[in-house]
Amino acid sequence: MFRNQYDTDVTTWSPAGRLFQVEYAMEAVKQGSAAIGLRSKTHVVLGCVNKANSELSSHQKKIFKVDDHIGVAIAGLTADGRVLSRYMRNECINYNFTYESPLPVGRLVVQLADKAQVCTQRSWKRPYGVGLLVAGLDESGAHLYYNCPSGNYFEYQAFAIGSRSQAAKTYLERRFENFTDSSRDDLVKDAITAIRETLQGETLKSSICTIAVVGVGEPFHILDQGTVQQIIDTFEIAAEQEGPAAEPDAATGQDTAVEQGAAADQGGSTDEGVAPMDI
Amino acid sequence: MDFMASKQPENSLLGPEADSQRTLYPYVTGTSVVALKYKDGILMAADMGGSYGSTLRYKNVERMKAIGKHSLLGASGEISDFQEILRYLDDLILYDNMWDDGNSLGPKEVHNYLTRVMYNRRNKFNPLWNSLVLGGIKNGQKYLGTVSMIGVNFEDDHVATGFGNHLARPILRQEWHENLSFEDGVKLLEKCMRVLLYRDRSAINKLQIAKITEEGMTISQPYSLKTYWEFSAFENPTQGAVGSW
């Protein structure tokens, strides 16, 4: 996208009928680090990549619990995401107080979309620069929605947003037909695998990703690091077992006997080759 | 100068004019409502009287109405306030239907909404002078609750308002059981309503029984209960009472 004379104001249409400021806001979402979501009939899993700016700092929170039955993962300007999460929590609490019943996620998503739309039609405002993957339950079961800075929202079986999300989307597109009847644990495994796709070869560790689950009978919660690492480890074991037959001992590494010779370096860990930083 | 003082709009509840707007006492009132859970849903009974003080002025008042697809509301107390509540609920159900998204407000939600309304009005010293009974069934779950004019609310297997609490509840406590059939439920309600007819001076012998099940709400045509006044104790009731006639 290039600069043009119609992109200064959100309230200025271009001759082609586009609102450039809104589209730029959607660019901000694409620059954020990846977030993915997938759902079955009864459960929804959210996952995101959490890279800290430096080793000294902690990582940004990108998954928020909104209510026992709703959670959200964000990509883009996390400050905007935090503010919208607060709005969502407020709406849920108010509804629960009045009706003693959980706010159906479909209705929350519409309220959120209407809120975002307002910012696309006021000259003194700017669009929210964050995409939200909203996971929740209502009377008809489990749902996953994507809320856009444009004020649009869509329901998905599975989706990924943020940088390098295309890799995850490709993986999800191949597998999504099975998701409706997936078990909760398989859904979590698929989520972690989708996250791994966005890392493009970098090692998957529980310290750089966050997974959260919500389902019928299971309140929204973020899985703790230990649990996630265990699931990751089951992948690695499976991968090694299928691994190249030629190198049975590649994993046991370090040996003084150089005569062993042909033990070429198996691809192994690429921790040293860190991918360029995301915003 | 006066341009500094803010003027209240005419309909506000603040300021000296407000007191003439607040509800102090009810004018046209309905008497007890009795309701119970039975096998397929909820049964509710109420007579059709609207009293103006001690005069039985209106004899065709329907004090039970369906709310949405899943609930039934019965009210005792000020009839005009009941009509106001029906207007609020009409709006509520309308907006709920306008979402058109497969979700709908069930009896629990309506009951809690009403509780909030009643309690907030009570806090402003301008109550809706009603005792409400809200029953319904949604997705197989039966619900029966009540809210008073001061916002007291609770759920139970059988509830009543006004005199019904004193005359009907004891009968229900003895004879209600889980999974009553429709016929037994109606018989039980009629037993309660008969006692109320004998003993509550604002009761009239023209009642309706409403039922709500998964299929929907039906309300009976008005009918009367058979009464018996030939008890020997009623003959010459004042015999032996000194000074009476």
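Helices (H or I, at least four residues) and strands (E, at least two) are DSSP runs, numbered from the N terminus. The model is predicted, with local features requiring pLDDT of at least 70 and side-chain atom pairs pLDDT 80 or more, while totals for chains, interfaces and linings use all residues. Residues are numbered from 1 along each chain as its sequence is written, and side-chain values use heavy atoms, without hydrogens and water.

**View 1. Tyrosine pair within helix 2 of chain A.** Over all chains, the whole structure holds 11 aromatic pairs (Phe, Tyr or Trp rings, the six-membered ring for Trp, with centres within 6.5 Å; planes under 30 degrees apart are stacked, over 60 edge-to-face, the rest tilted). Y95(A) and Y99(A) form a tilted pair, because their ring centres are 4.6 Å apart and their planes lie at 40°. The two residues are 4 residues apart in helix 2 of chain A, about one turn of the helix. Both Y95(A) and Y99(A) are buried (under 20% relative accessible area; exposed is over 50%, partly exposed in between; 1.4 Å probe, protein chains only).

**View 2. Aromatic pair of Y38(B) and F182(B).** This tilted pair has a centre-to-centre distance of 6.1 Å and 55° between the planes. Y38(B) belongs to strand 2 (residues 33–38) of chain B and F182(B) to helix 5 (residues 182–199) of chain B, so the pair ties together parts 144 residues apart in sequence. Y38(B) is buried at 1% relative accessibility, whereas F182(B) is partly exposed, with a relative accessible area of 33%.

**View 3. Aromatic cluster in chain A.** Ring pairs join Y146(A), F154(A), Y156(A) and F159(A) into a cluster.

Notes:
Chains are lettered from A and ligands numbered from 1 in the order in which they are written.
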